[in-house]
Amino acid sequence: MFNRLIQFKNQLPNGVNLLAVSKGHPESTIRLFANHGQLEFGESRLQEVLPKATSLSNIDGIRWHFVGRLQKNKVRGVVKICDFIHSVDSLSLAERVSRISSEENRHPQVMLQVKFLEDPTKGGFSIDELLENWSKLMNLSNLNIIGLMTIPPVDLDLDVRRTLFKNCRNFADELGLKDCSMGMSRDWKEAVEAGSTWIRVGSLLFGDRVK
Ligand SMILES: *Cc1c(COP(=O)(O)O)cnc(C)c1O
């Protein structure tokens with residue numbers, strides 16, 4: 001398992017960060033990964049990240065990234081635990097994360113989730129919505145907006161994914177944002193080629209999810 005992790009990391013170009021998406025995998029596995037130098041972990045539910053972060057808080061340098069759809073009533077919990085939120089998908093959510101971060105004296109690194117194609121199964125800004133709200137977003141306190149995140153619709157060919165990842169990279173560049181959170185187990189290569197800076201990889205590292 002750890003040879004796989006180390007090989008995987010070694011082949012990534014400079015500037016590409018590996019987010020190990022540990023949802024569905026136990027604390028014991030996360031601890032082993034941390035012992036092998038992987039300290040960035042992604043989770044998609046507050047109920048899951050809260051107990052994990054609590055019992056693994058003695059691991060030096062471990063950081064939690066929230067990657068799932070963020071419900072309003074979970075914002076405070078997530079802001080207290082997570083250093084990164086990859087899935088801020090509307091202005092109203094961004095405003096709420098900002099207000100609660102100020103109250104909690106937190107400064108999360110935020111990525112704005114963008115949809116480059118219609119996809120009713122996912123949240124996210126359209127390009128137009130993001131442009132319309134850009135100045136408001138940039139003025140929110142306590143948020144470091146560092147990049148864009150995107151998840152292609154499930155049934156897309158790799159070629160189309162590649163194009164979509166490039167669109168995301170170009171849009172981030174236009175906005176002056178450094179990071180793009182894109183690429184998962186099955187399309188991380190295409191995402192890296194297109195200029196991803198955070199690949200979010202779960203099953204390829206951990207095997208199938210257990211819960
Ligand atoms: C689960 C998940 C991943 C990881 O998916 P794999 O296919 O297991 O690599 C990445 N991003 C998000 C938002 C997820 O929910």
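**Figure 1. His86 in strand E4 of the predicted model.** His86 belongs to strand E4, residues 84-88 (strands, E, are DSSP runs of at least two residues and helices, H or I, of at least four, numbered from the N terminus). The model is predicted: local features need pLDDT of at least 70 and side-chain atom pairs count only at pLDDT 80 or more, while totals for chains, interfaces and linings use all residues. Residues are numbered from 1 along each chain as its sequence is written, and side-chain values use heavy atoms, with hydrogens and water left out. With a relative accessible area of 0%, His86 is buried (buried is under 20%, exposed over 50%, partly exposed in between; 1.4 Å probe, protein chains only). Beyond four places in sequence, the contacts of His86 include Leu19, His65, Met111, Ser181 and Trp198 (contact: heavy atoms within 4.5 Å). The side chains of His86 and Ser181 form a polar contact at 2.8 Å (a pair of N or O atoms within 3.5 Å; within protein, one must be able to donate a hydrogen and the other to accept it, and residues adjacent in sequence count only if both atoms are side-chain atoms).

**Figure 2. Surroundings of the ligand.** Among the residues around the ligand are Val21, Lys23, Ile151, Met184, Arg200, Gly202 and Arg209 (a heavy atom within 4 Å). A side-chain N or O atom of Lys23 is 2.6 Å from a ligand oxygen atom. A polar side-chain atom of Arg200 lies 2.9 Å from a nitrogen atom of the ligand, and a backbone N or O atom of Gly202 lies 2.8 Å from an oxygen atom of the ligand. The ligand taken alone exposes 390 Å², of which the protein buries 88% (Shrake-Rupley method, 1.4 Å probe).

**Figure 3. Asp179 in strand E7.** Asp179 is part of strand E7, residues 179-181. Asp179 is buried, at 4% relative accessibility. Its side chain makes a polar contact with the side chain of Lys178 at 3.2 Å. Leaving aside neighbours within four places in sequence, Asp179 contacts residues including Met111, Ile146, Arg169 and Trp198.

**Figure 4. Two asparagines with positive phi.** Most residues other than glycine have a negative phi. Asn105 has a phi near 55 degrees, a positive value, and sits in the loop between helix H5 (91-103) and strand E5 (109-113). Asn105 is exposed, at 60% relative accessibility. Asn142 has a positive phi of about 65 degrees and is placed in the loop between helix H6 (127-138) and strand E6 (144-149). Asn142 is buried, with a relative accessible area of 18%.
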